[in-house]
Amino acid sequence: MSVEVTCTINGEQHVLPVEPAETLVESLRLRLGLTGVKKACGTGDCGACTVLVDGEALRSCILLTASMQGKSITTIEGLGTPDNLHPVQEAFVEAGGIQCGFCTPGMILTAKAMLDKNPRPSDAEIMEGLSGNLCRCTGYVKIVDSVHRAAEKMAP
Amino acid sequence: MTAQTFYNPASIAELLDVLDKFKEKVVIVNGGTDVVERLQTGRVAPPPDAIMYIRNVAELDYIREENGHVAVGGITSYAEMLSSPLCRQFGGLMQALAEIGSPPIRTIATPAGNIGTAAPAADCNAALMALGASVVLASKTGERALSFEELFSGPQKTCLRRDELIREIRIPVNKTATSAFIKLAKRKAQDIAQVSACVCLEAEGDVCKNVVVSLGAVAPVTVRARSMEALIVNKTVDDAVAAVRGFVPSEASLRSPRNKAYKEAVIGVIVGRAIKKAHAETAGRK
């Protein structure tokens with residue numbers, strides 16, 4: 001028996017009929033084609049499936065879509081557009097914080113949520129904030145640089 | 001994925017009605033950081049008919065001090081505890097919370113959920129046991145309290161009845177004690193403890209007077225190591241640290257040949273570090 005969930009996804013209201021045990025990453029990718037949300041570990045450890053739920057970075061592979069009633073969800077597709085990137089996206093491009101790109105949506109959304117709470121994080125705070133996002137290419141140095149650069153761009 | 005029905009109660013009364021109706025056929029989703037993954041991989045037994053999401057029960061979201069304890073509601077998250085001035089007095093608890101998962105996990109994961117999951121290596125459970133915490137269980141027939149020592153019956157098993165909800169966690173306030181948590185893991189971030197220890201200590205100068213030692217990941221359940229406590233009481237900190245080094249507490253029950261020798265060798269070291277850290281806090285307080 002499906003559950004009807006009304007929520008806002010990237011600024012648009014959606015009414016989704018979902019299975020009780022369906023995860024948010026499945027709904028976003030398979031029902032809505034939002035493939036910027038990556039599914040990798042499926043256990044909440046790697047951070048590739050991170051989305052913003054009411055501004056908080058959460059793992060969509062361990063969230064039930066049925067629990068998203070009334071929530072506002074932002075995926076990487078809703079953060080900026082190719083012509084008008086969000087400052088965090090711009091910073092990752094400029095500082096070379098992207099190699100294969102698989103972890104990037106999760107990194108950027110986690111960084112965005114972190115910067116909203118702490119606009120000028122230290123190196124240690126960035127590493128702690130991104131400690132749940134795994135990147136197997138970059139070695140993290142350029143990702144930390146990217147977050148600093150984003151902080152500068154977003155400073156009032 | 002067999003669950004056919006989804007419940008989203010808004011009150012404790014409504015929640016307990018669903019629990020009473022379905023009992024073992026409903027699975028509770030709190031933060032969901034463990035159970036959702038187990039649902040996906042078919043590892044919830046018996047396969048549930050219904051899923052009940054309880055995070056909209058606002059009356060379970062609180063941290064408050066009352067009657068000599070700090071009370072933490074059943075859906076309160078680790079992140080809320082980490083930023084709570086009331087929880088800051090429990091050094092060992094704060095240190096354990098900071099070791100759990102990653103910030104996005106702590107945003108949503110809950111101590112009550114972790115108690116329900118009953119993983120033997122759970123960081124928060126070791127800290128709560130050393131601090132003498134108890135849980136309040138609610139059902140349609142009333143409430144009862146269980147101490148952490150009574151709570152766990154096996155790996156991933158608790159003494160909760162299937163119609164019971166973990167409504168509240170109570171941590172007694174003890175102004176004369178300090179506590180510290182030490183976790184040994186391979187990596188700094190997002191790792192599961194190989195051995196963890198929490199020590200809650202009342203000292204007079206350099207002498208350990210009262211102590212509670214809890215251990216994670218050395219037995220099928222989180223254990224209180226009374227055999228170690230006996231070695232510590234009435235000794236100076238240095239003598240206590242020397243006494244526990246190399247000591248294998250009778251409460252540890254390690255069977256895997258893969259790590260038994262290693263874990264047995266490090267338990268005393270980890271407890272020793274926790275004693276020193278807890279005592280350093282005592283000194284810092286004066």
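Trainee: In β3(B), which residue is the bridge partner of V27(B)?

Mentor: That's I51(B). Keep in mind that we're looking at a predicted model.

Trainee: Staying in chain B, which residue meets E37(B) in a salt bridge?

Mentor: R43(B) does, with 2.8 Å from N to O. E37(B) has a relative accessible area of 17%, so it counts as buried. R43(B) is partly exposed, because its relative accessibility is 44%.

Trainee: How many salt bridges are there over all chains?

Mentor: The count is 22. One of them joins E56(A) to K117(A), where the closest N and O atoms are 2.7 Å apart. That pair ties together distant parts of the chain: E56(A) is in strand β4 (residues 56-59) of chain A and K117(A) is in helix α3 of chain A, 61 residues away.

Trainee: E56(A) first: buried, partly exposed or exposed?

Mentor: Partly exposed, at 26% relative accessibility. K117(A) comes in at 59%, so that residue counts as exposed.

Trainee: What about E66(B), which residue does that one bridge to?

Mentor: R64(B), with the closest N and O atoms 3.3 Å apart. Both ends are partly exposed: E66(B) has a relative accessible area of 25%, and R64(B) is at 38%. Over in chain A there's also a network, where salt bridges with shared partners join E90(A), E94(A), R149(A) and K153(A).

Trainee: Why would such side chains pair up at all?

Mentor: In general, side chains of opposite charge can pair because their charged atoms come close.

Trainee: OK, new topic. Where does T104(A) sit?

Mentor: In helix α3 of chain A, which covers residues 104-117. T104(A) has 8% relative accessibility, so it counts as buried. Beyond its neighbours within four places in sequence, T104(A) is in contact with F92(A) and I98(A).

Trainee: And I98(A), where does that lie?

Mentor: In the loop between α2 (87-95) and α3 of chain A. I98(A) is partly exposed, since its relative accessibility is 33%. Together with L85(A) and V93(A), I98(A) forms a nonpolar surface patch of about 220 Å² of accessible area.

Trainee: Back to chain B. Why is helix α7 described as largely enclosed?

Mentor: Because eight of the eight residues of α7(B), residues 123-130, are buried. Among them are D123(B), C124(B) and N125(B), along with L128(B) and M129(B). Just after α7(B) comes G132(B), with a positive phi of about 75°.

Trainee: What about strand β12(B), how many of its residues are buried?

Mentor: Eight of ten, so that strand, residues 195-204, is also largely enclosed by the rest of the structure.

Trainee: Which strands does β12(B) run alongside?

Mentor: On one count, strand β11 (residues 178-184) of chain B, antiparallel and joined by seven bridges. There, K183(B) stands opposite S196(B). β12(B) is also joined to strand β13 (residues 207-216) of chain B, antiparallel again, by nine bridges. In that pairing V199(B) stands opposite V213(B).

Trainee: What sits between β12(B) and β13(B)?

Mentor: Two residues, which makes the two strands a hairpin. G205(B) is in the turn and has a positive phi of about 65°.

Trainee: Last one: where is P155(B)?

Mentor: In the loop between β8 (152-154) and β9 (157-158) of chain B. P155(B) is at 40% relative accessibility, so it counts as partly exposed. Setting aside neighbours within four places in sequence, P155(B) is in contact with A118(B), P120(B), P220(B) and V221(B).

Trainee: And how far is P155(B) from K188(B)?

Mentor: The two are 24 Å apart in space, C-alpha to C-alpha, and 33 residues apart in sequence.

Methods. Residues are numbered from 1 along each chain as its sequence is written. Chains are lettered from A and ligands numbered from 1 in the order in which they are written. This is a predicted model: local features need pLDDT of at least 70, side-chain atom pairs count only at pLDDT 80 or more; totals for chains, interfaces and linings use all residues. Side-chain values use heavy atoms; hydrogens and water are left out. Helices (H or I, at least four residues) and strands (E, at least two) are DSSP runs, numbered from the N terminus. Buried means under 20% relative accessible area, exposed over 50%, partly exposed in between (1.4 Å probe, protein chains only). Contact means heavy atoms within 4.5 Å. Patches are made of residues with over 30% relative accessible area and no salt bridge: like charges are joined within 9 Å, nonpolar side chains (Val, Leu, Ile, Met, Phe, Trp, Tyr) within 5 Å. Accessible areas come from the Shrake-Rupley method with a 1.4 Å probe; for residues, only the protein chains shown count as cover. A salt bridge is a side-chain nitrogen of Lys or Arg within 4 Å of a carboxyl oxygen of Asp or Glu. Two strands pair if DSSP finds at least two bridges between them.
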